[in-house]
Amino acid sequence: MLEQLSFSILSTLKLNGFENNAIITDKWLSAYAAPFATPADCLGAIGWAKGFATGAHTFETPDASADRVIRAKPALAIWGEVDRTLAAEHFLPLFASVFPTAPVKHLGGVGHYCFEDAPETIAMLIMDFLRQS
């Protein structure tokens, strides 16, 4: 799919908000491209993107018992402010509605692939969160 549209895996990552060019190597590109070796391998990614584009994706509403269990759990959101795939104005209010007192850490200059863009920062935030929870 990507090849037929004259895109490479890197250009697709860039469209979604990948920022950390320093880690790009041939091995890294191969690892990201590997799941999409044939047109059939692309069907899941196409379906996911199509579902968001058409509004077909919905979030399941848990029953009252499950809702209580979920809301009692500690939670943390780490958000890359340059994420061009998941809209903060849509997803962060969903998170806050379930976890109103949970911290939301905004990372400037970090995109959709926050683990690639800021691995040390993400690891530190998660370790701090786990220590405090």
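Which side chain meets that of D67 in a salt bridge? The side chain of R71 does, with an N to O distance of 2.8 Å. A salt bridge here is a side-chain nitrogen of Lys or Arg within 4 Å of a carboxyl oxygen of Asp or Glu, and by this rule the count comes to three. The structure is a predicted model, in which local features need pLDDT of at least 70 and side-chain atom pairs count only at pLDDT 80 or more, while totals for chains, interfaces and linings use all residues. Residues are numbered from 1 along each chain as its sequence is written, and side-chain values use heavy atoms, with hydrogens and water left out.

**Salt bridges within helices**

- D67 and R71 are four residues apart in helix α4 (residues 64-71), so about one helical turn separates them; helices (H or I, at least four residues) and strands (E, at least two) are DSSP runs, numbered from the N terminus.
- D67 is partly exposed at 22% relative accessibility, and R71 is partly exposed at 39%; buried means under 20% relative accessible area, exposed over 50%, and partly exposed in between (1.4 Å probe, protein chains only).
- D128 forms a salt bridge with R131, and their closest N and O atoms lie 2.7 Å apart.
- Helix α7 (residues 119-132) holds both D128 and R131, and because these are three residues apart, about one helical turn separates them.
- D128 is partly exposed, with a relative accessible area of 28%, whereas R131 counts as exposed at 60%.

- E19 and R84 meet through their side chains in a salt bridge of 3.5 Å, N to O.
- This pair links distant parts of the chain, 65 residues apart: E19 is in the loop between α1 (9-16) and α2 (26-33), and R84 is in the loop between β1 (77-80) and α5 (88-98).
- E19 counts as partly exposed at 30% relative accessibility, and R84 is partly exposed with a relative accessible area of 47%.
- In general, side chains of opposite charge can pair when their charged atoms come close.

**Nonpolar surface patch**

- F115, I126 and L130 make a nonpolar surface patch of about 310 Å².
- Patches consist of residues with over 30% relative accessible area and no salt bridge, with like charges joined within 9 Å and nonpolar side chains (Val, Leu, Ile, Met, Phe, Trp, Tyr) within 5 Å.
- Accessible areas come from the Shrake-Rupley method with a 1.4 Å probe; for residues, only the protein chains shown count as cover.
- F115 lies in helix α6 (residues 114-117) and is exposed, with a relative accessible area of 58%.
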